[in-house]
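Dear colleague,

Please find below the structure that I am handing over to you. My notes on what was found in it follow directly after.

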Amino acid sequence: MYLINKNDISKIAESLMKDYELYGPGYDKESGQVFFDKCESADEINLKAPIPSLSPKEIVFPQLEKILSYDYNSESKKAQIKKEFAAKPKALIGIRSCDLTGILCIDRFYLGQEYVDDIFLEHRKKMFIVANTCVTPFKQCFCACTDSGPSAREGFDLNLTELGDVYLVETGSPRGEELADRLSLKKAEQSQIDAKKKAVDKSLSLFEGFATENKAWISRVMNRVTTGFIKPEIWEYIGNQCFECGACSFVCPSCTCFNIEDVNTTATGTNRLRTWDSCSFEGYTRMAGDHNPRKPVEDRRNKRFFCKLSYSQSKKYLRPGCVGCGRCVKVCPGDIGLPNVVTYIRREITG
């Protein structure tokens, strides 16, 4: 582990900008919200900014992406196909552990199953990640419940932890080690390494009550969701509160649903686009002939929470699908963010 003075933290960003497009958290001047966006200079990055309003997953899994184009020759009856997707080297600096955990979930969906998505792979293998430990939790967060924070344990090239007037810098890959060497960072002493654990323990003690009280209940709810021991009335109650807007899916760091659409560009040319989708939408499961096996909204809502909390999905992701960022709570107009759903099921269990 290494140390870097707070005044020198921009050197990490400046070094990365030589080889990567740089992305980091910063305040939007007009709305005052925090976004994880492309930066033209290291000065735009604010490591003290709260968790961004939107997940950084769009940087690695774009909301709209052209993945190939093809041109059909009617005379030869042949199609010329070209793969087209912009996978430029990107560096993410200041990503919170919950959002990094979300990217790791997406990794296991696209790269860890029987088939590997080569488009997503192109994005990931060219990415440098600098994580940022949350030494103070934010009001919406409950990563303490979902074992996804407040400090990242894997998936990063570098991890920063604020310790007074310095940052402790952990390396998590050969690329991270190489950057630390290039910047001639000072080796950390054992007392400073121990100080990180104290900072994380203090952060855990500062979480809101619901974030710590629900920790055991999430495990119990996972058991109920997996085994199906939840009354239909509970899912109907949750479904009746759903506006089917898809906001929860679009802000979630670990949601992977997508749609494929072919769009004509000329008489013979076509672009194939991949876009985000949501299991909230009625059309998500609609089949040919207009048959829909999940037409009632409660069927789609329980599928979402099955994806986030069931043991079968946890085996796929090697962890729960929820990372505890709290965004679904903030954006849901029907008040059915995941913590509230856990509370509804908890009430059913306790009677």
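Please note that the model is a predicted one.

In general, the strands of a sheet pair through backbone hydrogen bonds, in either a parallel or an antiparallel manner.

Strand 1 (residues 2–5) pairs with strand 9 (residues 166–171) in the antiparallel sense, over four bridges. Within that pairing, Asn-5 has Val-166 of strand 9 as its bridge partner. Strand 2 (residues 21–27) and strand 3 (residues 34–38) also run antiparallel and are joined by five bridges. There, Gly-26 has Phe-35 in strand 3 as its bridge partner. Strand 2 and strand 3 form a hairpin, with six residues between them. In the turn of this hairpin, Gly-32 has a positive phi of about 80°.

Strand 11 is joined to strand 12 (residues 269–276) by seven bridges, and the two run antiparallel. Ile-260 stands opposite Arg-274 of strand 12.

**Nonpolar cores and the helices around them**

In soluble globular proteins, nonpolar side chains tend to be buried together. In this model the largest nonpolar core has 37 residues, of which Ile-238, Leu-309, Ile-336, Leu-338, Val-342 and Ile-345 touch the most other members. Helix 5, helix 8 (209–227), helix 9 (232–240), helix 11 (297–309) and helix 14 (338–350) each supply at least two residues of this core. Apart from it lies another core, of 23 residues, which includes Ile-12, Leu-47, Val-130 and Leu-160.

Beyond its neighbours within four places in sequence, Leu-338 is in contact with Phe-142, Phe-305, Lys-308, Leu-309, Cys-322 and Cys-328.

How do the helices cross? The axes of helix 11 and helix 14 come within 12 Å and cross at roughly 100°. Helix 11 is therefore roughly perpendicular to helix 14. Phe-305, Lys-308 and Leu-309 of helix 11 make this contact with Leu-338, Val-341 and Val-342 of helix 14.

The axes of helix 9 and helix 11 come within 8 Å, and they too cross at roughly 100°. Angles of 65 to 115 degrees count as roughly perpendicular, and helix 9 and helix 11 are therefore roughly perpendicular to each other. On the helix 9 side, Trp-235, Glu-236, Ile-238 and Gly-239 take part in the contact. They meet Val-297, Glu-298, Arg-301, Asn-302 and Phe-305 in helix 11.

**Two loop residues**

Thr-133 is found in the loop between strand 7 (127–132) and helix 5 (143–146). Is Thr-133 buried or exposed? Its relative accessibility is 2%, so Thr-133 counts as buried, the cut-off for that term being under 20%. The side chain of Thr-133 makes a polar contact of 3.0 Å with that of Ser-151 and one of 2.9 Å with that of Thr-161. Not counting residues up to four places away in sequence, Thr-133 touches Arg-96, Pro-150, Ser-151, Asn-159, Leu-160, Thr-161, Lys-196 and Val-200.

Gly-112 is placed in the loop between helix 3 (97–110) and helix 4. With a relative accessible area of 53%, Gly-112 is exposed, since that term applies over 50%. Gly-112 and Ile-51 are 61 residues apart along the chain, and their C-alpha atoms are separated by 27 Å.

With kind regards

Conventions. Residues are numbered from 1 along each chain as its sequence is written. This is a predicted model: local features need pLDDT of at least 70, side-chain atom pairs count only at pLDDT 80 or more; totals for chains, interfaces and linings use all residues. Side-chain values use heavy atoms; hydrogens and water are left out. Buried means under 20% relative accessible area, exposed over 50%, partly exposed in between (1.4 Å probe, protein chains only). A polar contact is a pair of N or O atoms within 3.5 Å; within protein, one must be able to donate a hydrogen and the other to accept it, and residues adjacent in sequence count only if both atoms are side-chain atoms. Contact means heavy atoms within 4.5 Å. Two strands pair if DSSP finds at least two bridges between them. A nonpolar core is a set of buried Ala, Val, Leu, Ile, Met, Phe, Trp, Tyr and Cys residues joined through side-chain atoms within 4.5 Å. Axes are lines fitted to C-alpha atoms, for helices over the stretch in contact, and angles run from 0 to 180 degrees between N-to-C directions. Angles under 35 degrees count as roughly parallel, over 145 as roughly antiparallel, 65 to 115 as roughly perpendicular and the rest as oblique.
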